[in-house]
Amino acid sequence: MARTNGEMDYVTDPVCRPRFKDCSRWAHPFIALGLSHVSFGDSAELNVLLGAGQQAAGR
């Protein structure tokens, strides 16, 4: 499981995108991400999360 906190938006995209890509390299086909401490998220981060999920699924 990976956890994140604070805001997830276009400003944090350059930090979050490589970290989520690293998560998708794990041997498991699923990523569990704890978002209970995220105070804000916009469409840029939703795109990052969807991309990481697709990469983990091998698409």
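Predicted model: local features only at pLDDT ≥ 70, side-chain atom pairs only at ≥ 80, totals over all residues.

Colleague: Which residues of α2 are buried, and on which side of the helix are they?

Modeller: The buried residues of α2 are E45, V48, A52 and A56, and because they cover an arc of only 65 degrees around the axis, they sit on the same side of α2.

Colleague: What does the largest nonpolar core consist of?

Modeller: In soluble globular proteins, nonpolar side chains tend to be buried together. Here the largest nonpolar core has five residues, M8, C16, F20, V48 and A52, and the elements that give two or more residues to this core are α1 (13–23) and α2. Leaving out residues up to four places away in sequence, V48 touches D13, C16, R17 and F20.

Colleague: How far is E45 from the nearest side chain of opposite charge?

Modeller: A salt bridge requires a side-chain nitrogen of Lys or Arg within 4 Å of a carboxyl oxygen of Asp or Glu. E45, in helix α2 (residues 43–56), is buried yet has no salt bridge, since the nearest side chain of opposite charge, R17, is 6.5 Å away. Beyond its neighbours within four places in sequence, E45 is in contact with M8, D9, T12, D13, C16 and F20.

Colleague: Which side chain does R17 meet in a salt bridge?

Modeller: R17 meets D13, at 3.1 Å from N to O, and the count by this rule comes to one salt bridge. Both residues lie in helix α1, four residues apart, about one turn of the helix; R17 is partly exposed, with a relative accessible area of 33%, whereas D13, at 15%, counts as buried.

Notes
Residues numbered from 1 in each chain as written. Heavy atoms only, no water. Buried < 20%, exposed > 50% of the residue type's maximum accessible area, 1.4 Å probe, protein only. Lys, Arg positive; Asp, Glu negative; His and termini not counted. Contact = heavy atoms within 4.5 Å. Core = buried A, V, L, I, M, F, W, Y, C linked by side-chain atoms within 4.5 Å. Arc of directions from axis to C-beta.
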